[in-house]
Amino acid sequence: MSIHPTAIVHPGARLAEGVQVGAYSIVGEHVVIGEGTSVGPHVVIEGHTTIGCNNRIFQFCSLGSEPQDKKYAGEPTRLEIGDGNTIREFCSFSTGTVQDGGLTRVGHDNWIMAYVHVAHDCVVGDHTIFANNATLAGHVTVGDWAILGGFTGVHQFVRVGAHSFCGVGTVLLQDLPPFVTVSGNPAAPHGINSEGLRRRGYSSDGITAIKRAYKTLYRSGLTLDEARRQIAEAAANVPELQMFSDFIADSGRGIVR
């Protein structure tokens, strides 16, 4: 364990072997940091925050701060960050609120660039990429392998599906299904993330089936309910479609159209 002499680490904080804390950083009483995680200079980690192993946290980040929610009244809500994440400069992750599950969670192996904000009660999966200035409002869910381009803004309670792709400056006001590529303000669909799926081992047949489902949803002229039924029937025989089918069946805010 290596703690710079100018860093302030509360005696109650629990830091594992191999943790590094840079100059002028502050680590609060209820913070837990796993083995091999490095914390750069001028970082503030507070609240009931648990950080896993082998993360790289760069300078000027604020993790575990109070949620930006006027209803928050000091409850001991939490932030959990998994293993192997890269969190670049000036990122801010808030704890949850009791109005939801009381937890903000970021998974494993995420690549999070500068000035990203993850608001209260968000759930971020694994292997995501958040480009500079991507912002999540409260209660947002982001699936595994999703990519958010720079300056993407996601409205509260929106779900971002796994393997989806948002172009630079995208504004998401509704749910983004898995595999779909969008851009614009408000977001509009532009096909599926074929290249990302190939890189992750999806078969040609699976990608073709996903393209057909995309066309059913966006280009067939069917109503949303009709498209849902047709995609659900196809998913019964194509496992790659089940995620897509389940997502559009459960959408609360409506689908990006």
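In strand E28, Pro189 is the bridge partner of Val182. The model is a predicted one, in which local features need pLDDT of at least 70 and side-chain atom pairs count only at pLDDT 80 or more, while totals for chains, interfaces and linings use all residues. Residues are numbered from 1 along each chain as its sequence is written, and side-chain values use heavy atoms, with hydrogens and water left out. Helices (H or I, at least four residues) and strands (E, at least two) are DSSP runs, numbered from the N terminus.

Strands E27 and E28 pair in the antiparallel sense over three bridges; two strands count as paired if DSSP finds at least two bridges between them. Four residues lie between the strands of this hairpin, and Gly184 there takes a positive phi near 105°. Strands of a sheet pair through backbone hydrogen bonds, either parallel or antiparallel.

Eleven strands form an open sheet of mixed pairing, in the order E1-E4-E7-E10-E13-E16-E19-E22-E25-E27-E28. Its edge strands, each pairing on one side only, are E1 (2–3) and E28 (188–192). E1 pairs with E4 (residues 20–21) in the parallel sense over two bridges, and there Val21 in E4 is the bridge partner of Ile3.

Another set of pairings involves strand E9 (residues 48–51). E9 pairs in the parallel sense with E6 (residues 32–33) over two bridges, and with E12 in the parallel sense over four bridges. Ile51 of E9 stands opposite Ile33, and its bridge partner in E12 is Ile81. Thr49 and Ile51 make up the covered face of E9, whereas His48 and Thr50 make up the uncovered one.

Ile192 is buried, with a relative accessible area of 15%; buried means under 20% relative accessible area, exposed over 50%, and partly exposed in between (1.4 Å probe, protein chains only). Leaving out residues up to four places away in sequence, Ile192 touches Phe179, Val180, Thr181, Leu197, Ile207, Ile210, Lys211 and Tyr214. Contact here means heavy atoms within 4.5 Å. Ile192 and Ile255 are 63 residues apart in sequence, and their C-alpha atoms are 15 Å apart in space.

Helix H2 lies across E27 and E28 and runs at about 155° to E28. Such angles run from 0 to 180 degrees between N-to-C directions, with axes as lines fitted to C-alpha atoms, for helices over the stretch in contact. In helix H4, Phe244, Ser245, Phe247 and Ile248 are buried. These residues are on the same side of H4 because they cover an arc of only 165° around the axis, the arc being that of the directions from the helix axis to the C-beta atoms. The cover over the buried residues of H4 includes strand E24 (159–160), E27, H2 and H3.

The largest nonpolar core has 63 residues, and those with the most contacts inside it are Phe93 and Leu136. A nonpolar core is a set of buried Ala, Val, Leu, Ile, Met, Phe, Trp, Tyr and Cys residues joined through side-chain atoms within 4.5 Å. Strands E12 (78–81) and E27 (180–183), together with helices H2 (204–218), H3 (224–235) and H4 (242–249), each supply at least two residues of this core. H2 gives the most, with seven residues. In soluble globular proteins, nonpolar side chains tend to be buried together. Leu136 touches His117, Val118, Ala119, Cys122, Val124, Phe130, Val142, Leu148 and Val154, apart from residues up to four places away in sequence.

Thr152 is placed in the loop between strand E22 (147–148) and strand E23 (153–154). This threonine is buried, with a relative accessible area of 0%. Beyond its neighbours within four places in sequence, Thr152 is in contact with Asn133, Ala134, Thr135, Cys166, Gly167, Gly169 and Thr170.

The cysteines remain to be considered. A disulfide is a pair of cysteine sulfur atoms within 2.5 Å, and by this rule the count comes to zero. The cysteine sulfur closest to that of Cys61 is in Cys91, at 4.7 Å, which is too far for a bond. Cys61 counts as buried, at 2% relative accessibility. For Cys166, the closest cysteine sulfur is in Cys122, 14 Å away, again too far for a bond. Cys166 is buried as well, with a relative accessible area of 0%.
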